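Please look over the sequence and the structure shown here before reading on.

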Amino acid sequence: MADYPTSFGKEDLLKCARGELFGPGNAQLPEPPMLMMDRITEISGDAGLHGKGHVRAEFDITPDLWFFECHFPGNPIMPGCLGLDGLWQLTGFNLGWRGWQGRGYALGVGEVKLKGMVRPDRKMLTYKVDFTKAVQTRRLTMGVADGIVEADGEVIYEVKDMKVALSES
């Protein structure tokens, strides 16, 4: 493991988005408004439900978030794909946090269940990512994880077998 902290505030996440946290050409978060978390509260390479690493993060929900205005006018709902993207973002962040090299990209997801909605009256999303596999070989750097998104404590999204890889090319 690299020598990074086990929690990160908003400014740290913005440094990651600018390529300053893990170094040029390595795992990078998107900048706002596509950055789907405000803080990472826990991260590990050997804890979590399967002992293979985990990430916990939070995203503050406010009625003025950009997607509520356009999705859908008169019936504002956060697009489910943004919650999934937040889980992918955190999966890739964990790989960079481990000190593994390369730019992150999503490879896919095995199963997605949308069980609820994020409306403007919600206060906070909590992301929970638990790795089932983390592999680094000469040819492959990849994480496989399950994740859930909670809105104010209620599970609204569940995913199985998210795959994120790092590539130096």
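Is W66 buried, partly exposed or exposed? At 38% relative accessibility, W66 counts as partly exposed, where buried means under 20% relative accessible area, exposed over 50%, and partly exposed in between (1.4 Å probe, protein chains only). This is a predicted model, in which local features need pLDDT of at least 70 and side-chain atom pairs count only at pLDDT 80 or more, while totals for chains, interfaces and linings use all residues. Residues are numbered from 1 along each chain as its sequence is written, and side-chain values use heavy atoms, with hydrogens and water left out.

A search of the whole structure finds 5 aromatic pairs, a pair being two rings of Phe, Tyr or Trp (its six-membered ring) with centres within 6.5 Å, counted as stacked if the planes are under 30 degrees apart, edge-to-face if over 60, and tilted for the rest. The rings of F8 and F93 have centres 5.0 Å apart and planes at 80°, so this pair is edge-to-face. F8 lies in the segment before α1 and F93 in helix α3, so the pair ties together parts that are 85 residues apart in sequence; helices (H or I, at least four residues) and strands (E, at least two) are DSSP runs numbered from the N terminus. F8 is buried, with a relative accessible area of 3%, and F93 is buried at 2%. W66 and F67 form an edge-to-face pair too, with 5.5 Å from centre to centre and 75° between the planes; F67 is buried, with a relative accessible area of 1%.

F8 and F93 also belong to one aromatic cluster with Y4 and F22. Y4 lies in the segment before α1 and is partly exposed, with a relative accessible area of 24%. Although Y4 and F22 are 18 residues apart along the chain, their C-alpha atoms are separated by 9.4 Å. Leaving aside residues up to four places away in sequence, Y4 touches L21, F22, G96 and W97, contact meaning heavy atoms within 4.5 Å.

The largest nonpolar core has 44 residues, and those with the most contacts inside it are I40, F93, V118, L125 and Y127; such a core is a set of buried Ala, Val, Leu, Ile, Met, Phe, Trp, Tyr and Cys residues joined through side-chain atoms within 4.5 Å. Among the elements that give two or more residues to this core are α1 (10-17), β1 (39-44) and β5 (124-136), while α3 gives the most, with 8 residues.
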